[in-house]
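Take a look at the chain below.

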Amino acid sequence: AAGAFPGHAPAEPTSRAGGKAKVVADLKASRGYSTVVMIGDGATDMEARDVPGGADAFIGFGGIQVRDKVKAGADWFVTSFDELMKALAGC
């Protein structure tokens, strides 16, 4: 049916708890990235920062839905990508 969600790909690490953190750590190791900032709207996005080798910072996004846990735990919380883009324009 149009718009139906068939499910997650169980073999992908992002389909399970801790998977996003693993992907970030793997990217840092395989690509030599020294700093990775994760942007997301959920707790599993935020947990990518909370493991050794994971993201160095987490920017919470509440443009669609503000989740109190994400807002409280984020290093920075935005509700608009315009705000984020303005801040990054000077980098």
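## Salt bridges

The count of salt bridges comes to six. The model is a predicted one.

## A charged network

R49 and D50 meet through their side chains in a salt bridge, at 2.8 Å from N to O. D50 has a relative accessible area of 49%, so it is partly exposed. R49 has 18%, so it counts as buried. The cut-off for buried is under 20%.

R49 also bridges to D75, at 3.2 Å from N to O. That pair again links distant parts of the chain, 26 residues apart. D75 sits in the loop between helix 3 and strand 3. R49 sits in the loop between helix 2 and strand 2. Which residues end up in one network? R49, D50 and D75 do, through salt bridges that share partners.

## The chain as a whole

Now step back to the overall layout. The protein chain has four helices and three strands. From the N terminus on, the order of elements is α-β-α-β-α-β-α. The C-alpha trace spans about 40 × 35 × 25 Å along its principal axes.

How much of the chain is buried? Of its 91 residues, 26% are. The chain exposes about 6,100 Å². Carbon and sulfur atoms supply 57% of that area. Contacts also reach along the sequence. Among contacts with a separation of 6 or more, 32% are between residues 24 or more positions apart.

## Helix 1

Helix 1 covers residues 19–31. Its 13 residues reach 18 Å from the first C-alpha to the last. That is close to the 18 Å expected at 1.5 Å a residue. After the helix comes G32, which has a positive phi near 75 degrees.

Which residues of helix 1 are buried? They are G19, A21, V24 and K28. Strand 1 is included in what covers them. An α-helix has 3.6 residues a turn, so residues three or four places apart point the same way.

## K28, a buried lysine

K28 belongs to helix 1. Its relative accessible area is 15%, so K28 is buried. What does K28 touch beyond its neighbours within four places in sequence? The contacts are Y33, S34, V36, G53, G54 and D56. K28 and A55 are 27 residues apart in sequence, yet their C-alpha atoms lie 8.7 Å apart in space.

## The nonpolar core

In soluble globular proteins, nonpolar side chains tend to be buried together. Here the largest nonpolar core has 11 residues. They are A21, V24, V36, M38, M46, A48, A55, F58, V70, A74 and F77.

V24 is one of these core residues. Leaving out residues up to four places away in sequence, V24 touches V36, M38, A48, G53, G54 and A55.

## A nonpolar patch on the surface

Some nonpolar residues are at the surface instead. V37, I39, F81, M85 and L88 form a nonpolar patch there. Together they have about 450 Å² of accessible area.

Which elements each supply at least two residues of the patch? Strand 1, residues 37–40, and helix 4, residues 81–88, do. Helix 4 gives the largest share, three residues. V37 is found in strand 1. V37 counts as partly exposed because its relative accessibility is 43%.

Key
Residues are numbered from 1 along each chain as its sequence is written. This is a predicted model: local features need pLDDT of at least 70, side-chain atom pairs count only at pLDDT 80 or more; totals for chains, interfaces and linings use all residues. Side-chain values use heavy atoms; hydrogens and water are left out. A nonpolar core is a set of buried Ala, Val, Leu, Ile, Met, Phe, Trp, Tyr and Cys residues joined through side-chain atoms within 4.5 Å. Buried means under 20% relative accessible area, exposed over 50%, partly exposed in between (1.4 Å probe, protein chains only). Contact means heavy atoms within 4.5 Å. Patches are made of residues with over 30% relative accessible area and no salt bridge: like charges are joined within 9 Å, nonpolar side chains (Val, Leu, Ile, Met, Phe, Trp, Tyr) within 5 Å. Accessible areas come from the Shrake-Rupley method with a 1.4 Å probe; for residues, only the protein chains shown count as cover. A salt bridge is a side-chain nitrogen of Lys or Arg within 4 Å of a carboxyl oxygen of Asp or Glu. The expected span of a helix is 1.5 Å times one less than its number of residues.
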